[in-house]
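Let's take a look at how charged side chains pair up in a protein model. Have the sequence and the 3D view open as you read.

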Amino acid sequence: MSVHLKTHITAIGPEVAELAEGGVLILFADGAPPELAEVSVLHKTEVGPSDAAPAVGAAIAIGELEGIITAMGDSAWNKVREIGHVVINFNGASAAERPGEICASAVEGEVLVAALKTGAAITIGR
């Protein structure tokens, strides 16, 4: 499997931990407006994003945390490609509730929070 996206965390907004406790992670490329940066994990892309969206079942990793994509919203990958933004919901859902959302394997909130460190890699696909 190829890498669809590899990026590194550059900053973590002050409200990220509260959202991550509930399994929700908002990614935004460096340079996001301050009001969005407060709730986002800012990142700088190293590889990708690929033209084609990753399929359900593709690997997703944040630092040492690993899971799989369980659902992909209709516009989620386009947002990743265009502005480096996506909402990843670690709820294990088989269908995305919102078009801009990627769903992934369910994880404990504290495990997700612990994986979020400046410099950590986020990789989709392998």
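There are three salt bridges in this structure, a salt bridge being a side-chain nitrogen of Lys or Arg within 4 Å of a carboxyl oxygen of Asp or Glu. Before we go on: this is a predicted model, where local features need pLDDT of at least 70, side-chain atom pairs count only at pLDDT 80 or more, and totals for chains, interfaces and linings use all residues. Residues are numbered from 1 along each chain as its sequence is written, and side-chain values use heavy atoms, with hydrogens and water left out.

Here are the pairs:

| Salt bridge | Closest N and O atoms |
|---|---|
| Glu46 and Lys6 | 4.0 Å |
| Arg98 and Glu97 | 3.7 Å |
| Arg98 and Glu101 | 3.1 Å |

Glu46 sits in strand E3 and Lys6 in strand E1 (residues 5-12), so this pair ties together parts that are 40 residues apart in sequence. Strands here are DSSP runs (E, at least two residues), and helices are too (H or I, at least four), numbered from the N terminus.

Meanwhile, Glu97, Arg98 and Glu101 join up in a network of salt bridges. Is Glu101 buried or exposed? Glu101 is buried, at a relative accessible area of 1%, while Glu97 is exposed at 68% and Arg98 is partly exposed at 42%. Buried means under 20% relative accessible area, exposed over 50%, and partly exposed in between (1.4 Å probe, protein chains only).

Back in strand E3 (residues 41-47) you'll also find His43, which is buried with a relative accessible area of 4%.
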